[in-house]
Every structure is written in structure tokens, then in C-alpha cells.
Amino acid sequence: MSSLKAMLGMLAAGLMLSGCMQATTYQSAPEATLKPADKAQLAKARYAKVAVAEPFRRAIVDYHRKEMPGTIVVDSDNHYLYLVQDGGKAIRYGVTVGEEALAFSGIARIGNMAEWPKWTPTADIHKRIEGLPASVPGGVDNPLGARALYLYQGNRDTLFRIHGTNQPEYIGASISSGCIRMTNEDVIDLYTRVKQGTVVVVLDPKQGDSPYNSKMALQGGGNAIMQ
């Protein structure tokens, strides 16, 4: 009996070592993507530098949808943005997305890109939030954060953006006015990897075709590596 227990123990250990119980690991965006101006701005940030919850930290994950490498895919239901890579992989970032009635879905392209952009609230935002200025100059306290990717359909600005945030505590939530927010460090990293004209696919709510199993991510499972 003791020899049988020993054999079962060895088998269990072998399964663990073979990767059947491999845990996901996470890592911040590479600091090499930060310019001197970025470091200077981030150093004087007055917002709370809250650590993003582990499931929403940047990682390289397996990707099973059919979009071309270089495409951005936003899974609003699970609060993830994917930058599709070669070889069935994607860089996955956690994001804040719009409240249900304000969220954007569909296919767009990056029509413009800006570093430390100024913010000009739309008429709808002015109606919902009283007392806003006509515009806010670029900087670390600006709600658009370090970078903005402006989403266009044809030649029309949709008024939706992928941008940074001075509220990192809300990454993984649905509270924005419709735009897709990332931590400043993550949006800088994404900005260095895309270009004007990049296709952006924002999945319809409850589409049920997530490119990654969010339950596995929340449990720390899956096959993710860092880059």
C-alpha cells in the first residue's frame, strides 16, 4: 500500500511539473517605452498610484480568434484590450470601459494619435457633468492621460478614444463615458506598437466570443508569458 501511495505521489508531482497546473504571470509595461517627458509627467502625478488587480495586468496570452496580427480587439464584457500578435498570441491589457448605455461597439480605425493630448469634453459630457471647462491642457492630471488613439469610421471621428487615465483604480470596471481607458504606462506601451490606420474591433456586449477565457484569468490559469 505504501508503494502505491508513493507512486501516486510521484505521478501527481510529474503532472504539476509538466505544466498542467501552470500559473499565469504578469508584468508591467516595459519602462523602455517611456520617454524622458513621460517620466517627468508621471513623477509628478497627484492621483493615487493604485496597483491594478492581477487579472487585469499586462500579459501575453493565447489568442484564438481570427483577427490579423496588429489588430486591436476590445472585449468590453471582460474588460480586456488585445493587441493581436503572430503565432496565436496577443498582448492583453486590462481596461476601463463605458457604462452600458454609453459604450461603443463595432469596427473602427485609428484616425489620429496624440501624446499627452488636451481634452475637449463633448456637448453630451457637458450635459451630464456640470462645471467642466471648455478644454483641459495635456498633462498627467488630464483625464485622457499620457496617450490617445482616436477612433474613426471612414473619415468620421466617432468621438470615442482609447486613452490613458488618472484613475487606475477603475481598471476592470465599466464607468467611463464610453471611451476605453488604460493605465498611462500601458497606453504608452500600446501607442509604441500601433500606427494610424490600425483596425480596432470592439466586440458587441454579451457577444459570448471572448478571445480569452476570463474565468481562467481570474483563477490564475491559462498559458501566459511576458514580453
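What is the volume of the second largest pocket? In this predicted model, in which local features need pLDDT of at least 70, side-chain atom pairs count only at pLDDT 80 or more, and totals for chains, interfaces and linings use all residues, the second largest pocket has a volume of about 410 Å³. Residues are numbered from 1 along each chain as its sequence is written, and side-chain values use heavy atoms, with hydrogens and water left out.

Twenty residues line this second largest pocket, and those closest to its centre are Ser 28, Val 50, Val 52, Thr 183 and Glu 185. A pocket is here an open set of points on a 1 Å grid over the protein atoms alone, where a 1.4 Å probe fits, with protein on both sides within 12 Å along at least five of seven lines, and lining residues have an atom within 4 Å of a point. A volume is the space filled by probe spheres set on the points, which are joined across faces, edges and corners. By class, the lining of the second largest pocket comprises nine nonpolar, six polar and five charged residues, where Ala, Val, Leu, Ile, Met, Phe, Trp, Tyr, Cys and Pro count as nonpolar, Asp, Glu, Lys and Arg as charged, and the others, Gly among them, as polar.

For the largest pocket the volume is about 620 Å³, and of the 26 residues that line it, Trp 119, Ile 125, Leu 159, Ser 177 and Cys 179 are the closest to its centre. Helix α3 (123-128) and strand β8 (156-163) each supply at least two residues of this lining, helices (H or I, at least four residues) and strands (E, at least two) being DSSP runs numbered from the N terminus. Strand β8 gives the most to the lining of the largest pocket, with five residues, and the lining as a whole has eleven nonpolar, ten polar and five charged residues.

Nine strands form an open sheet of mixed pairing, in the order β1-β4-β3-β2-β11-β6-β7-β8-β10, with two strands counted as paired if DSSP finds at least two bridges between them. The edge strands, each of which pairs on one side only, are β1 (59-62) and β10 (180-181). Within the sheet, β11 (residues 199-202) pairs with β6 in the antiparallel sense over four bridges; the bridge partner of Ala 108 in β11 is Val 200, and that of Gly 106 is Val 202. Strand β2 runs parallel to β11 and is joined to it by three bridges, with Val 74 standing opposite Val 202.

Helix α4 (residues 184-193) lies across β2, β3, β4 (89-94), β6, β7 (147-153) and β8, and runs at about 55 degrees to β7. The helix is mostly covered, seven of its ten residues being buried, that is, under 20% relative accessible area with a 1.4 Å probe and protein chains only. These buried residues are Asn 184, Asp 186, Val 187, Ile 188, Asp 189, Leu 190 and Tyr 191.

Most residues other than glycine have a negative phi. His 79, in the loop between β2 (72-75) and β3 (80-84), has a positive phi near 65 degrees, and counts as buried at 12% relative accessibility. Trp 116, in the loop between β6 (106-115) and α3, likewise has a positive phi, near 45 degrees, and is buried with a relative accessible area of 13%.

Notes. Buried < 20%, exposed > 50% of the residue type's maximum accessible area, 1.4 Å probe, protein only. Contact = heavy atoms within 4.5 Å. Axes fitted to C-alpha atoms, helices over the stretch in contact; angles between N-to-C directions.
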